[in-house]
Amino acid sequence: MKFNSTRYLPLVVTVGQVVIFPYYIIWLKQVSLTFTLFAWFFAAFSFAAAWGYRIYQTKKNKERSLLFMIFVGMGVVYIVIGFIKNSYEYLPYVVLPLQVILGVLQGYFRAWHSEQDTYHLHAVHHYMIVGFMMIGFSFVKIISPVVFITIFGALLCICGVWEFFRIGKLSVPKKV
Amino acid sequence: MDSITKLVKNPWFLGCLVIIFMAVVMWNIPIEKRKYGLSQGSLVTDYTGLLPEHIERVVTAENRNDLQRIVKQANENGQKISIAGLQHSQGGHTYYKNGVVLDMRTFNRILDIDEQEKTIRVEAGATWEDVQEAIQPHGLALKVTQSQSIFTIGGSLSVNAHGRDIRFGSMAETVKEITLLTPEGEIKKVNRDDSDEWMKYVFGGYGLFGVILDVRLELTDNDLYTIHTEKLKTNEYASYFNRVLKQPDTAMHYARVSVAPSSFLDEMVVINYDHTENTDHKSVLKKEEGVRISKMALDAGRKGGTLENLFWAAQKRYIASLNRKEITRNNAMRSESTFMEYTKPGRVEVLQEFFVPVDSYDEYLTDLKDIIPANDKRHDFKVHNITVRYAAKDNFTTLNYAKEDMLGLVVLIQHGLKEEDITNAESLIQSWTNLTLEHGGTYYLPYYRYQTKEQFKSSYPNWQDFQEEKLRKDPNHVFQNMFYEYYVK
Ligand SMILES: Cc1cc2nc3c(=O)[nH]c(=O)nc-3n(C[C@H](O)[C@H](O)[C@H](O)COP(=O)(O)OP(=O)(O)OC[C@H]3O[C@@H](n4cnc5c(N)ncnc54)[C@H](O)[C@@H]3O)c2cc1C
């Protein structure tokens, strides 16, 4: 079986996103001063994801989806989160744009993914994998959520680089 | 219709919505408030968090009979009681090791407003804000308060606070009568003619002479003022201020001294509130305005160096922009406070206030330059702001900081929390206090006790009278706090 981005990278990214979600939420709650702000951060993410989704939907040249940039972009955001000092007073002002960037990138990626043949298969697989992974993680004592977030960021960057080198070599099978 | 659908389908439509939403959220990100007080886990603190201490319990003050019972019990079983208002004091004035804390914040009803007599009777846990809301519709205003309205009346009288007013004397002088729960558990009405001289010790008594239950305060009209601002050289200020005092037009006054490196202690801006012929019955109490911008500017100033120069330039410009504007007395007494919040871990921001006789002011500031560096960018101990206010001679209270007409320099200081940083801050503030004493001055007691006991005794020569009266009026030492333990006990 050939390893191509349509087969495995989206699965890695989707599973990763869901697995990292609880850790991300813990971090986001820690850096939001109030529940209201936490909810607003989420709303901003959600609106931005809708925007990202729409950007891909209306994109003309879908073959040039620049997926590697999306992966690297998301990876960089997670790594930045890992390196921000939690005690920084102006943190909410940094978190908000990060939420928006992440939202746009995730929305874009989701729109791309949903147009791939493997999307439905991945949906089933990712639920299963996430379930098993979360059981596994339940035995890991969280030192700090940012450790996991940073590791995931690095993984996304590797996916991005992988995708970059793969571009041009393989063609992406499209849904009919 | 078609064009609307087309517009909505354009991804930039969603993009714009996201950007607008982001801007709205940015604008509404709350300012992080410092965490302090009676509910911070097992240890209580006050405003700066510098003196965490374990206490036995907090009693929420609800009715006077319960409070009386608690005080009587304490006389029998040796329990120690402290009193807390909004805990803006900074030296453990509101709690004591393993003691009971009476949380007065819920004891805050307005009992009576007499429009003819111009007085209000109010429970001592009420804030100035509560009082202002009650008296504003009657066209009335307070005579003396701090610059902000975020303090309780009991807490303010117990430090005999002062503010921008320059006509009505000390805060203690604006009180007609109080109801006091004495250290032995008696509830009594006390006025200025009282032969036991309770007021002399309760005002500026830091909660050591019983609980102020309610207060009848004198009020004045909610006059409309015109703001008058001016830039001055520091050495012109004392004579300028003496002129202001002589002309009855000015009701309130304060000033700022530059702590920016380029004009350190050389430049000042003054702000006067001058009488118009009008009283205001209509305008509403102002809410906090421009907090975010002010905080950003102050944060820039906190960095020191060039940014502090810019901050001073911005302050001068802002203050100049107030010139000729009108403001009511009530509104002039409720400045913003949220922008001062400072929550950087490992550092603390504290207040200190030094009083010097009006005529010593110029020389004092010149000498101060030898103690505090003009550019504190690379220093741990940083001075961010100095505000100058007038404190009229007070012959009434025992621990009086204004033995003659004084100018009070309120100093906003920041330093680290490592042992060596605190020691350094202590040493600088002690030098500053010595300089103040050399110029016939004193320092204010509600703030953190960087000073030595000797400095306290020199600043407050009546301290022995205070101590003796404390033993007489509270023979079982029921009312205690960390301030008393450090300085007087
Ligand atoms: C940001 C800031 C700005 C300030 N500005 C000014 C200013 O402009 N002018 C000025 O003079 N001061 C100023 N202060 C100091 C302030 O006035 C005092 O700290 C004042 O005590 C605060 O009131 P509080 O309600 O927080 O009192 P608390 O800190 O709760 O209590 C202060 C003292 O009063 C006692 N006390 C409280 N309630 C009662 C009661 N009902 N009966 C008997 N004793 C009681 C307490 O035991 C304690 O000893 C400022 C402080 C801060 C933090």
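Tutor: The model is predicted; local features need pLDDT of at least 70, side-chain atom pairs count only at pLDDT 80 or more, and totals for chains, interfaces and linings use all residues. Residues are numbered from 1 along each chain as written, chains are lettered from A in the order written, and side-chain values use heavy atoms, without hydrogens or water.

Student: At what angle do the axes of H3(A) and H4(A) cross?

Tutor: Helices are DSSP runs (H or I, at least four residues), numbered from the N terminus. Axes are lines fitted to C-alpha atoms over the stretch in contact, with angles from 0 to 180 degrees between N-to-C directions. The axes of H3 (residues 67-83) and H4 (residues 91-114) of chain A come within 10 Å and cross at roughly 150°.

Student: How many charged residues does the contact of H3(A) with H4(A) have?

Tutor: Contact means heavy atoms within 4.5 Å, and Asp, Glu, Lys and Arg count as charged. Among the residues in contact are Leu67(A) of H3(A) and Trp112(A) of H4(A). The contact has 15 nonpolar and 2 polar residues, and the charged ones number none.

Student: Which helix gives the largest share of the lining of the largest cavity?

Tutor: H4 of chain A and helix H8 (291-302) of chain B each supply at least two lining residues. The largest share, 4 residues, comes from H8(B).
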